[in-house]
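Have the sequence and the structure open as you read.

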Amino acid sequence: MEITTADVKELREMCGAGVMECRHALVETGGDKQKAVELLKERGNLKASKKAERVTAQGLVEAYIHTGGRIGAMVELNCETDFVARTDEFKQLAHDIAMQIAAMDPQYITSEEIPAGVECEAEVACLLSQPFIKDPTRLIKDLIVEVIAKTGENIRVSRFTRFEIGLKAPSKTE
């Protein structure tokens, strides 16, 4: 099967992977774009797991204030270099995560942070396990893995806080 540049471009727009990665994925899957997307996601997970131990000392703090100003959230999203922190993909990820925090009020970043004896569902209480509010078929950790695959750097949520008018103490994770 012949892989055209239009096919590569379409796959690249779907998943954001590099041109050669998209071409190789299409060749390996015989031109099946859906299988190629799945293959690239698997490879993205592999890249993310290899980078998980790398230091994330750069990044940004993103704030989101919901319409009406009654709910707001702030998130510290870290990466390895300030170059990546300035990219549009990274900024959009930080904005989407801050919006997720404002909308879903998670209590923890990961399930490992849940204290012993506390009964709660990870999909509700843990930010990374929550379905993304803009696309419930994807989890927040999947969004992060996709940006890790695009940027080639480790990315992690360090802490967040959510404020709501009328509540005495905001939910907070550090």
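Helices (H or I, at least four residues) and strands (E, at least two) are DSSP runs, numbered from the N terminus. This is a predicted model, in which local features need pLDDT of at least 70, side-chain atom pairs count only at pLDDT 80 or more, and totals for chains, interfaces and linings use all residues. Residues are numbered from 1 along each chain as its sequence is written, and side-chain values use heavy atoms, with hydrogens and water left out.

Q: What secondary structure does the protein have, and in which pattern?
A: There are 7 helices and 6 strands. Along the sequence they follow α-α-α-β-β-α-α-α-β-β-α-β-β.

Q: How do you know what span to expect for helix 5 (residues 88-104)?
A: The expected span is 1.5 Å times one less than the number of residues. Helix 5 has 17 residues and reaches 24 Å from first C-alpha to last, close to the 24 Å expected. After helix 5 comes D105, with a positive phi near 50°.

Q: Which residues of helix 5 are buried, and what covers them?
A: Buried means under 20% relative accessible area, exposed means over 50%, and partly exposed lies in between (1.4 Å probe, protein chains only). Among the buried residues of helix 5 are F90, L93, D96, I97 and I101. Their cover includes strand 1 (58-65), strand 2 (71-79), helix 7 (140-151) and strand 5. Across the 174 residues of the protein, 40% count as buried.

Q: Why is D7 called buried?
A: D7 has 18% relative accessibility, so it counts as buried, the cut-off being under 20%.

Q: What makes K33 and D7 a salt bridge?
A: A salt bridge needs a side-chain nitrogen of Lys or Arg within 4 Å of a carboxyl oxygen of Asp or Glu. The closest N and O atoms of K33 and D7 are 3.4 Å apart, and the pair is a salt bridge. Because K33 lies in helix 3 (residues 33-51) and D7 in helix 1 (residues 5-15), the pair ties together parts that are 26 residues apart in sequence.

Q: How many salt bridges are counted by this rule?
A: The count comes to 9. One of them joins E76 and R159 at 2.5 Å, N to O. This pair links distant parts of the chain, with E76 in strand 2 and R159 in strand 5, 83 residues apart. Another is formed by R86 and D82, at 3.1 Å.

Q: Why is R159 called partly exposed?
A: Its relative accessible area is 41%, so R159 is partly exposed. D82 gets this label too, at 40%.

Q: What makes a nonpolar core, and which residues have the most contacts inside the largest one?
A: A nonpolar core is a set of buried Ala, Val, Leu, Ile, Met, Phe, Trp, Tyr and Cys residues joined through side-chain atoms within 4.5 Å. The largest has 29 residues, and I97, I144, I155 and V157 have the most contacts inside it. Helix 5 gives the largest share of this core, 8 residues. A second, separate core of 10 residues includes I3, L11, C22 and L26. In soluble globular proteins, nonpolar side chains tend to be buried together.

Q: Why is F163 called partly exposed, and where is it?
A: F163 has 42% relative accessibility, so it counts as partly exposed. Its place is in strand 5 (residues 156-164).

Notes. Contact means heavy atoms within 4.5 Å.
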